[in-house]
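Here is a short briefing to read alongside the sequence and the 3D view. It takes pocket and cavity linings together with helix packing, so keep the viewer open as you go.

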Amino acid sequence: MTDRPAHEPDQPHDLVGIGIGPFNLSLAALAHAIPAAPGDPRPLAATFYEQRPAFHWHPGLLLDGASLQVPFLADLVTLADPTSPWSFLNYLRTRDRLFPFYFAERFHIQRAEYDAYCRWVTEQLPGLHFGHQVDAVRWNTDRALFEVDFTQLDRDGEAEALGRAYTRHIALGIGTEPFVPEPLKPLAEAESVPVLHSADYLRHRERLLDAHHITVIGSGQSGAEIFLDLLRARPEGAEKIHWLARTQAFAPMEYSKLGLEHFTPDYSRYFHALPESARDELVPRQWQLHKGIDADTIAAIHDELYRRTLHGGWPDATLTPGVHVRTAGRLANTQVELHLEHTQQGTRTRLTTDAVILATGYRERPLDAILGGLDPYLRRDASHRPRIDDQYRLVLDPTVTGHVYVQNAERHTHGVGAPDLGLAAWRSATILNNLTGTNPYPLPERTAFTTFGLTPHPPAIPTQTPALVPLRQTL
C-alpha cells in the first residue's frame, strides 16, 4: 500500500465534507435531494468522510439526566427547514414517541437523546462514510477541482485501502479537541497518572469513585455536572472533593431572552463586520454567554450540599473560584500535587489529590494540518489565522475557483455562536444557498429584536403573504 490509486471518477463530487459531527451532519441532511445548480435535474452530489467508525457525540459526558443547553428545535434541520424528514420530531414519530414527548413537555432534551437522534440520521442518510481518514487536500489547477486523499480504515483503525476523491467544493467540520492546560499536559499524557479530561469521564467513572480524594478543575457546565455526579455518589461527611476554577465565580450561563440574541444570525453578521482587533477583544469578555453553568445545575449542586448539612456538620467539599494551577507533579506514583495560586489574594498553596478531572473545555482543531496542500492559496489575518468571509468560506487566492467552507472553526470571525447547535441549520443553509447559487432554503432577513450597532435592519414584515409550501413526504 505504497502508491495512492489514481482514481478519477467520471463525475466529480459537488461537495466533500470532512468530518461528521453535528454540523457537517446538518449540512449533509439539508443537502440531501436538493438540486446541484439552477436548471440541473440531478441532486447535489455530496459525500462526507469521518475517521471514527461511527457517530458518537461527547460520549464521556452523556451523564444520566444531563440536558442540552439549547431547545430541541436546535436539531440538525428545523430552523432552516421544519418540513425536513431529518428533524427531531420526525425521529420521535418513527419511534412512536411523539405523544410521550408531547406530555413530557420538555423543551430541552437530554444529551443522550440528542446523540441517539443524530445516530438515527447517520444510519439512514446516504453519502456518509465512516472509517475514512482524510489525509490531504490539494487544488488541482489542471482540472479546477480539489483533490481529497483518504485512507479507509478497518474496524481496528488500521489502514485498509487508499482512495482519492475529486470535488468542486469542500466543507470542513473537523470539530474541536479537548484542551489540557500546559502545567498538566505531562501528567495527562502519562497513562499511569489519574489525570484525565472530562471527555473521558464516563469511561473512567468507576475508577475515579474509588479515589480517596478527587479534584475537578473548570467552572463550566461539564465541570459542574461532574462535580454534582461525584457529590451524589460519595458518602455523606466523606465526600473529599475539591472544585477549582480560574473564573472569579461559579457563574450562571447568560440565558436571558435578549442575551440569547447573541446566538442569532443578526449578531453573527454584526460580529463579522467588526474590525479584527475589536473581535479579538470582545470574545474573551463574552465567556458567560457560553462557558457559564445552567441555573438548574447550580441549584441542584446547592440543594445537594444543603441536604448534607441537615443533621449537622458540613460536607467535605471545597469549591474555590479565582484559582489557577501554576505547576503540577506526581507524588509516589499514585498521587498528584497541584501548586495553586489565588489571583485576587496573590496567595499560593499546594493541594495533594488522588485524581484530577480537567473540565477545561475544548479548542478548535487547527486547520493547517489538513489544509497544508492549500497553504500557498490561503489568505490570513494579522494573527496568522485563516480569513473567513461572511458566507463561511476560507478566503483563497482568486485562482482557486472552488470554495472551502468551515463549520465551528470561525469563532474569531463570527463570534460566540460558532460552536452553538442553535445556529447549525442556519449556517448549513447559508452554505448550501451559496454553493448552489440558488435559494433552496430561504432564510429570514431579521432574527433578533436587538439592533447590534447603528446600521438599521431591513424591513422585517413582508409586503405580501408568501405562498404556503406543501409538506414533503416523510420517510
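In the second largest pocket, the lining divides by class into twelve nonpolar, six polar and seven charged residues. Please bear in mind that this is a predicted model. The notes below start with that pocket, move on to the helix pair beside it in the list, and then turn to the cavity and two further helix pairs.

**The second largest pocket**

- The volume of the second largest pocket is about 660 Å³.
- Its lining counts 25 residues, and Gly65, Ala66, Ser67, Glu225 and Thr297 are the ones closest to the pocket centre.
- Three helices each supply at least two lining residues: H6 (201-209), H7 (221-233) and H11 (295-307).
- Which helix gives the most to this lining? H7 does, with five residues.

**H7 against H11**

- Two of the helices that supply the pocket lining, H7 and H11, also pack on each other: their axes come within 10 Å and cross at roughly 25 degrees.
- Because angles under 35 degrees count as roughly parallel, H7 is roughly parallel to H11.
- The crossing of H7 past H11 is left-handed.
- On the H7 side, the contact involves Gln221, Ala224, Glu225, Phe227, Leu228, Leu231 and Arg232, and on the H11 side Thr297, Ala300, Ile301, Glu304 and Leu305.
- Sorted by class, this contact has seven nonpolar, two polar and three charged residues.
- Glu225 and Thr297 belong to this helix contact, and both are also listed among the residues closest to the centre of the second largest pocket.

**The largest cavity**

- How many cavities of 30 Å³ or more does the structure hold? There is one.
- The largest cavity has a volume of about 40 Å³.
- Lining this cavity are Ser268, Tyr392, Glu410, His414, Gly417, Ala418, Leu423, Trp426 and Arg427.
- By class, the cavity lining comprises four nonpolar, three polar and two charged residues.

**H1 against H13**

- Helix H1 (residues 22-31) packs on helix H13 (residues 424-436) at an angle of about 55 degrees, and the two axes lie 9 Å apart.
- H1 and H13 are therefore oblique to each other.
- H1 passes H13 in a right-handed crossing.
- H1 brings Phe23, Ser26, Leu27, Leu30 and Ala31 to the contact, while H13 brings Ala424, Ala425, Arg427, Ser428, Ala429, Ile431 and Leu432.
- The contact residues of H1 and H13 comprise nine nonpolar, two polar and one charged.

**H8 against H9**

- Helix H8 (residues 265-273) and helix H9 (residues 276-285) pack with an angle of about 130 degrees between them and with their axes 8 Å apart.
- That angle makes H8 oblique to H9.
- The residues in contact are Tyr267, Phe271 and His272 from H8, together with Arg279, Leu282 and Val283 from H9.
- In this contact, four residues are nonpolar, one is polar and one is charged.

Key:
Residues are numbered from 1 along each chain as its sequence is written. This is a predicted model: local features need pLDDT of at least 70, side-chain atom pairs count only at pLDDT 80 or more; totals for chains, interfaces and linings use all residues. Side-chain values use heavy atoms; hydrogens and water are left out. Axes are lines fitted to C-alpha atoms, for helices over the stretch in contact, and angles run from 0 to 180 degrees between N-to-C directions. Helices (H or I, at least four residues) and strands (E, at least two) are DSSP runs, numbered from the N terminus. Angles under 35 degrees count as roughly parallel, over 145 as roughly antiparallel, 65 to 115 as roughly perpendicular and the rest as oblique. A crossing is left-handed if the near helix is turned anticlockwise from the far one by less than a right angle, and right-handed if clockwise. Contact means heavy atoms within 4.5 Å. Ala, Val, Leu, Ile, Met, Phe, Trp, Tyr, Cys and Pro count as nonpolar, Asp, Glu, Lys and Arg as charged, and the others, Gly among them, as polar. On a 1 Å grid over the protein atoms alone, a cavity is a set of points where a 1.4 Å probe fits but cannot get out, and a pocket is an open set with protein on both sides within 12 Å along at least five of seven lines; lining residues have an atom within 4 Å of a point. Grid points are joined across faces, edges and corners, and a volume is the space filled by probe spheres set on the points.
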